[in-house]
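Subject: Two-chain model for you to look at

Hello,

Here is the model I promised. Please open it first, then read my notes below.

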Amino acid sequence: MNRLRSAGRILGATVGLALTLAGCGVSSAPVADNSPITLTLATFNKFGYSDAMLAQYHALHPNVTVVQNIAATSQAAQDNMFTKLAAGSGLGDVEAVEVDWMPKLKQYSNLFVDLSTSESKGRWLDWKTQAATANGRLIGAGTDIGPEAICYRSDPFIKAGLAGDPAGVAQLLTGDWNNYYAVGQRFTAAHTGVAWFDSAGATFQGLANQYTNFFEQSDGKVIATTNPDVKSAFVSVLNASSTSSAHLQEWSTDWNAGLANGAWATMLCPSWMLGVISGNGPKVKDWKIANVFPNGGGNWGGSYLTVPTQGKHTAAAKELALWLTAPEQQIAAFVTTGNYPSQVGAYTNPALTGAMNPYFNNAPIGQIFADRAKAVKVTPYKGIKYAAIMQAVQDGLTRVESKKQSIDASWAQVVSDINALS
Amino acid sequence: MTTSTLVVKDLTIRGFRFKESLGRWDVTYSPYLFISPFFILFALVGLFPLLYTGWVSLHAWDLLGGQGRWTGFDNFGFVLHQRQFWVALRNTLSIFLLSAVPQIIAATAIAAALDTNLRNKTFWRMSVLLPFVVMPVAVTLIFGSMFGERYGLVNRTLAGIDLGPIRWHTDPLASHIAIATMVNFRWTGYNALILLAGMQAISRDLYEAAAIDGAGWVSRFFRVTLPQLRPTLIFVIITATIGGLQIFDEPRLYDQNGLGGEDQQWMTMTIYLYKLGWPQLNFGRAAAVAWLLFLLIIAIGLVNLAITRRIATSEGRTA
């Protein structure tokens, strides 16, 4: 283990040095001189870049001070990013980006520094790199991915007469989505006072990420309103939701309060969700993770670091972005927040594979999410309209859950909202 | 010698003439010069953006990509045919009425109360202004969680007195009331202070005369205070109209998505504009909405002006 670590350190140092050299050629901003500079790193939610990690970078590069600005929500970060990209100034030197905004940014790849270097080549999973490559330029350095498991609360499971241990629950939920809903029916019939899942919208995300072309064809043509998979996912989730859902819209204040009160027994659990659950529900003690996911595997979300060309120190910023997304740093982030690395080199590291999470009753999260990442077979195509279409569909799901509309009426409105996007 | 005196004379005459015209220019042009900073600034930060927005609205225009092809009035046509535009118009007017009307009535009442002989005047006046100092974002976050449907403070209190939960984030009217509450919380005190300043400027002789004539405080308020307050009221109502129709922070932060609700229950014109311009990157359509909103504000402002004038004048006559 020691040897591995020191090898990693040497590798890291070489990469860093190589990048410094490579960086000089790419950007006009000088880094060779050691005049002190300050780099701003703009992230959101929990990226796991601790102050200690940034201090370590300062120790390695005494002339560089890194200041991290953390936006409260990814929505706020996204608004800020697009506004300042349009304005042409004001962004951080390194900007975190969520995978769902990537399609839009890829259209303007000239606004971002190309992060590909011979050293960072092959660092990430192929599909992770693909999703951030435009015109042969890599505009985002992958941070984490979101392989999905199922998180569940063991007390209500046992109360309902179902298995309570992770292995038993994994067996119970092995199967397709109909199986997940059917177990939900059995659970609800036991009247534990707790719902089966949080919301139709969150569950729908799990389905949407299991198709290659769900809303859009790979040439960008919108098929959301005609693709039978979309409509049947919409209807089946809502049918299950009528009896099984807590009807709390994801990320709403009520949803956060619902987590704190343990209002539902299962939820889709991409790795980054662990921090959200433990952060909102410190008093709920029985959350566990089952190494299973309906219909195989799925990936939900994950982020990148980008370097906008409008920054003053783009070469130094590129170096920082590539250092932060090196396996060692992302493993450290995984241990603190649960964000599962997108770096291939991290997967064999014992610090990752042996990781446990005390909040989830010492779940072996390193092992679980390694398995869940292997189960991901499909890379969904997400075009420039993906986020807007998803918003329209999510609105439609919420309208039915809040009993404002029937499924048919809501779907009709979804169709007209999507048509208005053209 | 003679020539030089002539020259000197000529110069003095010229100098005198120059001074004279300076004086004339001073009288004619100085006032314009003095007020010009405002107009220059206005042209830069008000008029230019306004006209430029008009230019943008006539093109296909991408937020990041910039100017596209000329489309004439297509953006306006598209927007006017959208169901969401009309819902946004309904919401804007509804939230505006629910906030502006109670706000101005309450502000006038508070101002009248503050205008009486109170002890610790400054303390009371400053307390009224306190909500205005709080950041709108903070106000909205606090109210947003108070108005949570299942775990919110308001609904829990209502349940305590056996009243059914109100669906603050689902019903359009309930959400409008909740948002109007936030607006009123912030702006009532501010308007009260402006109205108070107006009231203090009213000559006390009028009240004394009215009192001698036997007028009680009610008729003194309606027959002296209100008519005398007319210019201040017009100012307050016009600014409340402009602010109310442009309302953005409160509906934007009312839920986690900030796009006005799943059925656009509280999506105002500015939120609709934002939705088109930012998440959809369609700046041309957003600019068209901006211009329609501008026209709407002017129209309602004129209506307000007419109504305020009429009310105040008719009361002034009866006084």
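This is a predicted model: local features need pLDDT of at least 70, side-chain atom pairs count only at pLDDT 80 or more; totals for chains, interfaces and linings use all residues.

Helix α12(A) covers residues 273-280, and its buried residues are Met273(A), Leu274(A) and Val276(A). Their arc around the axis is only 165°, so they sit on the same side of α12(A).

Helix α3(A) can be read in the same way. What are its buried residues? They are Ala77(A), Gln78(A), Met81(A) and Leu85(A). These residues cover an arc of only 100° around the axis, which puts them on the same side of α3(A). An α-helix has 3.6 residues a turn, so residues three or four places apart point the same way. The buried residues of α3(A) pack against β1, β2 (64-71) and β3 (94-98) of chain A. The helix has 14 residues. From first C-alpha to last, α3(A) reaches 20 Å, close to the 20 Å expected at 1.5 Å a residue. Just after α3(A) comes Gly88(A), with a positive phi of about 90°.

One residue of β1 is worth a stop. Thr38(A) is found in this strand, which runs over residues 37-44 of chain A. Thr38(A) has 13 C-beta neighbours inside 10 Å, so it counts as partly exposed. Leaving aside neighbours within four places in sequence, Thr38(A) is in contact with Thr65(A) and Val67(A). Thr38(A) and Thr65(A) are 27 residues apart along the chain, yet their C-alpha atoms are separated by 4.7 Å.

Now the domains. Chain A is divided into domain 1 (2-145 + 301-353) and domain 2 (147-299 + 361-419). Their C-alpha centres lie 30 Å apart. In the contact between them, 18 residues of domain 1 of chain A meet 19 residues of domain 2 of chain A. Which elements give two or more residues to the domain 1 side? They are α4 (102-106), β6 (141-153), β9 (299-306) and α15 (350-353) of chain A. By class, that side divides into seven nonpolar, seven polar and four charged residues.

Chain B also has two domains: domain 1 (2-57) and domain 2 (75-318). The centres of these two domains, taken over C-alpha atoms, are separated by 43 Å. Their contact takes four residues from domain 1 of chain B and eight residues from domain 2 of chain B. The domain 1 side has one nonpolar, three polar and no charged residues.

The largest nonpolar core has 119 residues. Ala149(A), Ile150(A), Leu320(A) and Ala321(A) touch the most other members. Helix α13 (residues 314-324) of chain A gives the most to this core, with eight residues. Both domains of chain A give residues to this core, so it lies between them. What does Ala321(A) touch, not counting residues up to four places away in sequence? The list is Val94(A), Leu115(A), Ala141(A), Leu305(A) and Val307(A).

On to the chain interface. Here 23 residues of chain A are in contact with 20 residues of chain B. On the chain A side, the elements that give two or more residues are α3 (74-87), α11 (253-260) and α17 (386-401). The largest share of that side, six residues, comes from α17(A). By class, the chain A side has 11 nonpolar, six polar and six charged residues.

Two backbone points remain. Phi of His191(A) is near 45°, a positive value in a residue other than glycine. His191(A) lies in the loop between α8 (177-189) and α9 (200-208) of chain A. Gln264(B) has a positive phi of about 55°, although it is not a glycine. Gln264(B) lies in the loop between α11 (249-252) and α12 (269-277) of chain B. Are these two residues buried or exposed? His191(A) counts as exposed because it has 9 C-beta neighbours inside 10 Å. Gln264(B) counts as buried because it has 24 C-beta neighbours inside 10 Å.

Best wishes

Technical notes
Residues are numbered from 1 along each chain as its sequence is written. Chains are lettered from A and ligands numbered from 1 in the order in which they are written. Two residues are in contact if their C-beta atoms, placed from the backbone, lie within 7 Å. Helices (H or I, at least four residues) and strands (E, at least two) are DSSP runs, numbered from the N terminus. Ala, Val, Leu, Ile, Met, Phe, Trp, Tyr, Cys and Pro count as nonpolar, Asp, Glu, Lys and Arg as charged, and the others, Gly among them, as polar. Domain bounds come from an automatic or database domain assignment. A nonpolar core is a set of buried Ala, Val, Leu, Ile, Met, Phe, Trp, Tyr and Cys residues joined through C-beta atoms within 7 Å. A residue is buried if 20 or more other C-beta atoms lie within 10 Å of its own, exposed if 12 or fewer, and partly exposed in between; C-beta atoms are placed from the backbone. The expected span of a helix is 1.5 Å times one less than its number of residues. The arc is that of the directions from the helix axis to the C-beta atoms.
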